[in-house]
Amino acid sequence: MEEESSWKGFFFLRPTMMLVLILQHCMKILILPIYVLAYFGLWDPICKKNLPIFHEEFSKNCNKTMHKEKEMLFKNMQGFTDPLGKLHLLEIGVGPDTNFQVYPSNSCMTYMDYNPNFQNFLLESMAQNTHLHIKNFVVASAENLPSVSNNSVDVVVCTLVLCSVNNLRAALKEILRVLKPGGAFYFMEHVAADRSTWTYFWQQVCDPTWRYVGDGCSLLKETWKDLENVGFSKLNLQHIIGPLFLSIVRPHVYGYAVK
């Protein structure tokens with residue numbers, strides 16, 4: 001009986017996966033000019049130069065619709081300050097930073113992004129948020145932070161970043177390395193939907209194209225699994241459906257983890 005049930009499951013899933021593959025190829029046809037540019041090595045520099053512009057608009061919209069969640073997320077950040085009352089903070093994947101408004105005024109900050117084109121947007125944000133002390137901007141990937149010492153920061157923040165990381169576990173290991181004992185990692189990330197939903201179906205359809213035009217951003221990351229298993233001593237994580245326009249980026253996880 002169990003074997004018969006598994007065969008039924010196989011024949012049910014197979015047409016679904018075939019439909020996903022067909023629709024994926026249809027999506028690729030729609031962005032055929034981008035594939036042509038990539039073939040001649042022209043797409044990557046165009047993408048990296050223009051991604052900050054798109055990211056700024058997306059982040060502003062996200063910040064507007066999820067501001068309450070961000071305030072809730074960062075409300076206990078002050079509790080991780082050093083004995084002198086300063087908060088040494090590292091933000092990974094700064095982009096056009098929309099977190100400045102909710103950071104404590106005693107924050108001493110280092111910003112990191114793999115895309116140097118985001119630096120101009122950061123400078124604009126700094127000019128509007130003089131209550132924060134910015135130490136430096138580092139061009140590096142989340143998986144490799146050689147310029148940040150072991151046990152040197154009180155708090156690490158990632159918002160809408162881990163979706164674009166190639167090796168998520170390696171990035172989380174680096175975050176653990178640079179955090180002081182008892183330090184906290186704050187995160188808010190869009191993730192894969194429940195696999196039984198239509199949202200997940202459309203995430204599968206859109207993911208290859210989304211990665212290509214979004215400079216590696218994936219719709220199918222199950223980020224919570226790595227957070228649960230990487231070695232934090234405490235994890236406070238919630239699944240939410242963000243009030244965003246596109247259903248494929250509505251599933252989110254947010255919370256904080258303690259080293």
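## Asn151 and the loop between E3 and E4

Asn151 sits in the loop between E3 and E4, where helices (H or I, at least four residues) and strands (E, at least two) are DSSP runs numbered from the N terminus. Although Asn151 is not a glycine, it has a positive phi of about 50°. With a relative accessible area of 40%, Asn151 is partly exposed, a class lying between buried (under 20% relative accessible area) and exposed (over 50%), taken with a 1.4 Å probe and protein chains only.

This is a predicted model, in which local features need pLDDT of at least 70 and side-chain atom pairs count only at pLDDT 80 or more, while totals for chains, interfaces and linings use all residues. Residues are numbered from 1 along each chain as its sequence is written, and side-chain values use heavy atoms, with hydrogens and water left out.

## The sheet

Seven strands form an open sheet of mixed pairing, in the order E3-E2-E1-E4-E5-E7-E6, two strands being paired if DSSP finds at least two bridges between them. Strand E3 (133–139) and strand E6 (234–241) stand at the edges with a single partner strand each, so one side of each is left without a neighbour in the sheet. On average, neighbouring strands of this sheet are turned by 15° against each other, direction ignored.

Strand E1 (residues 87–92) and strand E4 (residues 153–159) run parallel and are joined by three bridges; Glu91 has Val157 in E4 as its bridge partner. Helix H6 (residues 168–178) lies across E1, E4 and strand E5 (179–190), and runs at about 145° to E5, with angles running from 0 to 180 degrees between N-to-C directions of axes that are lines fitted to C-alpha atoms, for helices over the stretch in contact. Contact here means heavy atoms within 4.5 Å.

Helix H7 (residues 198–213) has 16 residues and reaches 22 Å from its first C-alpha to its last, close to the 22 Å expected at 1.5 Å a residue, the expected span being 1.5 Å times one less than the number of residues. A kink of about 50° lies at Cys206, shortly before the proline Pro208; the bend is the angle between axes fitted to the seven residues ending at a residue and the seven starting there. Among the buried residues of H7 are Tyr200, Phe201, Cys206 and Trp210.

Asp215 is found in the loop between H7 and helix H8 (223–229). Asp215 is not a glycine, yet has a positive phi of about 55°, and at 14% relative accessibility it counts as buried.
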